[in-house]
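Q: I have not looked at this one before. Can you take me through its charged residues?

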Amino acid sequence: MGEFPTEPWDPADAGVLRLPSGRLVRGRGLRRPLPDGRVPTYAVYLLGKEPPEVPWESRWLRWPDFRLPGDRAEAARVLRDVWERAAVDRVELACGGGRGRTGTALACLAVLDGVPPDEAVAYVRRHYDRHAVETPWQRRYVRRFGERGDRTHPPA
């Protein structure tokens, strides 16, 4: 992994997921207050409508609540970018509640990091939030994300 220009996430902080490669990514729900401590250096907001401005670099991925991303090819590009940036940036993924869309995106990052697609949801539920990835179609999206060859890191 690369060198952080600033301090990385604290793995003990709420919402921080450690991927098998050691990359740290924070997931959170935007309906809750911003956690104390470090702020992201880059964030992706998974929402049905454009999010408000934030003082760090961010992008919006159109993703309605309880659904799937509107543009799946764009979502794959954005998630690959998130995975790459997590090696050197404090990356945050967030949706309204921090479970369904955020959990789905985190599970896709786990696939990119080498977790088998059929184990990625369980990995995120075990290490991030036991209620992550809320719908059957979100679980199927994670499995198919891996089947489409979206992996970056070869399985261990």
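The chat below covers salt bridges, a surface patch and a record entry.

Q: What kind of model is this?
A: It is a predicted model, where local features need pLDDT of at least 70 and side-chain atom pairs count only at pLDDT 80 or more, while totals for chains, interfaces and linings use all residues. Residues are numbered from 1 along each chain as its sequence is written, and side-chain values use heavy atoms, with hydrogens and water left out.

Q: How many salt bridges does a search of the whole structure find?
A: The search finds 9. A salt bridge here is a side-chain nitrogen of Lys or Arg within 4 Å of a carboxyl oxygen of Asp or Glu.

Q: Which residue does Glu7 pair with?
A: Glu7 pairs with Arg38, and their closest N and O atoms are 3.9 Å apart. Glu7 is in the segment before strand 1 (16-18) and Arg38 is in the loop between strand 2 (24-29) and strand 3 (42-47), so the bridge ties together parts 31 residues apart in sequence. Helices (H or I, at least four residues) and strands (E, at least two) are DSSP runs, numbered from the N terminus.

Q: OK, and Arg28?
A: Arg28 and Glu92 form a salt bridge at 2.6 Å, N to O. Arg28 sits in strand 2 and Glu92 in strand 5 (residues 91-95), 64 residues apart.

Q: Are Arg28 and Glu92 buried or exposed?
A: Both Arg28 and Glu92 are buried. Buried means under 20% relative accessible area, exposed over 50%, and partly exposed in between (1.4 Å probe, protein chains only).

Q: Which residues are in a network with them?
A: Arg26, Arg28 and Glu92 are linked in a network of salt bridges.

Q: What does Arg101 bridge to?
A: Arg101 bridges to Asp65, with 3.4 Å between the closest N and O atoms. Arg101 belongs to helix 2 (residues 100-112), and Asp65 to the loop between strand 4 (57-62) and helix 1. Arg101 is buried because its relative accessible area is 5%, whereas Asp65, at 38%, counts as partly exposed.

Q: Changing topic: which residues gather in the positive patch?
A: Arg72, Arg140, Arg143 and Arg144 gather there, on the surface. Patches take residues with over 30% relative accessible area and no salt bridge, joining like charges within 9 Å and nonpolar side chains (Val, Leu, Ile, Met, Phe, Trp, Tyr) within 5 Å.

Q: Where does the largest share come from?
A: Helix 4 (residues 136-147) gives 3 residues. Arg72 is in helix 1 (residues 72-85).

Conventions:
Areas by Shrake-Rupley, 256 points an atom, 1.4 Å probe, with all protein chains shown as cover. Lys, Arg positive; Asp, Glu negative; His and termini not counted. Charge placed at Lys NZ, Arg CZ, Asp CG, Glu CD.
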